[in-house]
Amino acid sequence: MQPKISGVILAGGRATRMSGNDKGLIFLNKKPLYQHIADKLLPQVDELIINANRNLDIYRQSGYQIVPDLTPDFSGPLSGMLTALKSASHDWVMCVPCDVPTLPTDLVTRLWQGKQQALATYVNDGNRAHPTIALLHRSLFSQLENYLANGDRKLILFMHKIRAIAVQFDDNSTAFTNLNTPEDCQHWENTQEIKK
C-alpha cells in the first residue's frame, strides 16, 4: 500500500541557460512554469513544498511551503533534494524539477510500485535517465549530506551509490522533456497550441 508522500518542486537553481531568470517563474501559457508542475504533482502527493533560493516572496504567494537550500552555494539539485528530505512531513519524498511541465499523472504511483526494496527510485524514459525526478526515503538524508560535504555533485553517481532503482517510462518518454532555454519554452507553447 502506498504511504503518504511529500512532493517537492526543485526551483532553486541558477538557470544560467534561461539568461539567469528564475526558471520556475518563467511564464508559460500565462502561468509560471512551477505552477504547471504543481498542477501535475499536487493530486499525486499528500503535501507540496517548493525549494527555491530567489524570489521567495513571489513563490510564497502560491500558498505552498517554501524552503531555501540548506547549503548556501547553489550546489545543484542534490542540495535541493537534501533540503527536501529535511523539510518533508512524510517519510517518502517525490522530487521533481521545476522545468518538466508534462509530467505523467501516474508518476508517483509507478515510481512507488517500481522501487522494490530500494530507498530511492528515479525515472528512465527509455533513452536517458532523469535522476532529478526521484522518489527518496528520508533516511537517505545523512548519506546525501556526507556526499555533498565531500564535494560530490553528480546526481546519477549518488543514485548508483545508494542503489536506486531506475523505473522505465519508455511508453511516455516525451512527458519528461525539460525546458532549459527561452527557445524550449516557445517550442513547448507552440506544440501545446497545435494539440488543442
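A residue is called buried when its relative accessible area is under 20%, exposed when it is over 50%, and partly exposed in between (1.4 Å probe, protein chains only). The structure is a predicted model, in which local features need pLDDT of at least 70 and side-chain atom pairs count only at pLDDT 80 or more, while totals for chains, interfaces and linings use all residues. Residues are numbered from 1 along each chain as its sequence is written, and side-chain values use heavy atoms, with hydrogens and water left out.

Side chains of opposite charge can pair when their charged atoms come close. With a salt bridge taken as a side-chain nitrogen of Lys or Arg within 4 Å of a carboxyl oxygen of Asp or Glu, the model contains five salt bridges. One of them joins aspartate 99 to lysine 23, with an N to O distance of 2.8 Å. Aspartate 99 lies in the loop between strand S6 (92-97) and helix H4 (107-114), and lysine 23 in the loop between strand S1 (5-11) and strand S2 (27-28), so this pair ties together parts that are 76 residues apart in sequence; helices (H or I, at least four residues) and strands (E, at least two) are DSSP runs, numbered from the N terminus. Aspartate 99 is buried, at 6% relative accessibility, and lysine 23 is also buried, at 14%.

A further salt bridge links arginine 110 with aspartate 171, whose closest N and O atoms are 3.0 Å apart. Arginine 110 lies in helix H4 and aspartate 171 in the loop between strand S9 (165-168) and helix H7 (182-195), so the pair connects parts that are 61 residues apart in sequence. Arginine 110 is partly exposed, at 22%, whereas aspartate 171 is exposed, at 57%. Through salt bridges that share partners, Asp106, Arg110 and Asp171 form one network.
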